[in-house]
Amino acid sequence: MMTDVTSFLLERNDWVPNNPQLPVLVYSSAIALEGDDPAALIEQTFRANGWPPQFRYHVYDFHHYHTQGHEVLGVAQGHARLMLGGPGGREVQVSAGDVLLLPVGTGHCSLESSPDFLVVGAYPPGQQGDICTEAPNAEQLQNLADVEFPQQDPVQGEHGALLQRWAR
């Protein structure tokens, strides 16, 4: 399936480190959802591309970032208005079938969402989503620098946008 992928870099924003080397990737209408369990289709896609699904949930309504993994969020149901990059960052609208790829350090929070809003979250093998809500300390800054580069794009596999738009 051909997907429109938008990318943008986020510079450090006050206490949120973001990732000035790797852009956020937004895949519009990336996964055709159908059936009674659309989240399962997203999980299947992520798993097939080497990103084991970790959760079905929403996006927290407070600014946070992760220092121990790149995160992919697939919207299984509903819609939301999210803020990326920390307070005063960049707003994005997402709806069912969209996917967000957030490089390690990228701030994110939900500004508003539909009552049925549901995302599937995944990380590359060996990575995880610690919840950071303050400026990173020295150890966290080192974690940001040490997070391994993903082997495949979580949506498009070995020839996807991640490998084209992220530089090792």
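1. Basis of the values. This is a predicted model, in which local features need pLDDT of at least 70 and side-chain atom pairs count only at pLDDT 80 or more, whereas totals for chains, interfaces and linings use all residues. Residues are numbered from 1 along each chain as its sequence is written, and side-chain values use heavy atoms, with hydrogens and water left out.

2. Secondary structure. The protein contains three helices and nine strands; these are DSSP runs numbered from the N terminus, with helices (H or I) of at least four residues and strands (E) of at least two. Their order along the sequence is β-β-α-β-β-β-β-β-β-β-α-α.

3. Overall dimensions. The C-alpha trace spans about 45 × 35 × 25 Å along its principal axes. The radius of gyration is 15 Å, which agrees with the value near 15 Å for a compact globule of 168 residues. That radius is taken over C-alpha atoms, and the globule rule is 2.2 Å times the number of residues to the power 0.38.

4. Surface and contacts. The protein exposes about 8,000 Å², of which carbon and sulfur atoms supply 46%; the areas come from the Shrake-Rupley method with a 1.4 Å probe, and for residues only the protein chains shown count as cover. Of the 168 residues, 53% are buried (buried means under 20% relative accessible area, exposed over 50%, partly exposed in between, with a 1.4 Å probe and protein chains only). Among contacts (heavy atoms within 4.5 Å) with a separation of 6 or more, 74% join residues 24 or more positions apart.

5. Leu-82. This residue belongs to strand β5 (residues 79–84) and is buried, because its relative accessibility is 3%. Neighbours within four places in sequence aside, the contacts of Leu-82 include Val-59, Arg-90, Val-92, Leu-100 and Cys-109. Leu-82 and Leu-144 are 62 residues apart along the chain, and their C-alpha atoms are separated by 22 Å.

6. Gly-121 lies in strand β9 (residues 118–122) and counts as buried at 0% relative accessibility. Beyond four places in sequence, Gly-121 touches Pro-53, Gln-54, Phe-55, Val-72 and Leu-73. Ser-114 is in the loop between β8 (108–113) and β9; its relative accessible area is 9%, so Ser-114 is buried. Outside the four places on either side in sequence, Ser-114 touches Gly-78 and His-79.

7. Aromatic rings. The count comes to five aromatic pairs; rings of Phe, Tyr and Trp (its six-membered ring) pair if their centres lie within 6.5 Å, with planes under 30 degrees apart called stacked, over 60 edge-to-face and the rest tilted. Tyr-57 and Tyr-60 form an edge-to-face pair, at 5.9 Å centre to centre and 70° between the planes. Tyr-60 and Phe-62 are stacked, because their ring centres are 4.9 Å apart and their planes at 20°. How exposed are its members? Tyr-57 is partly exposed at 41% relative accessibility, as are Tyr-60 at 29% and Phe-62 at 32%.
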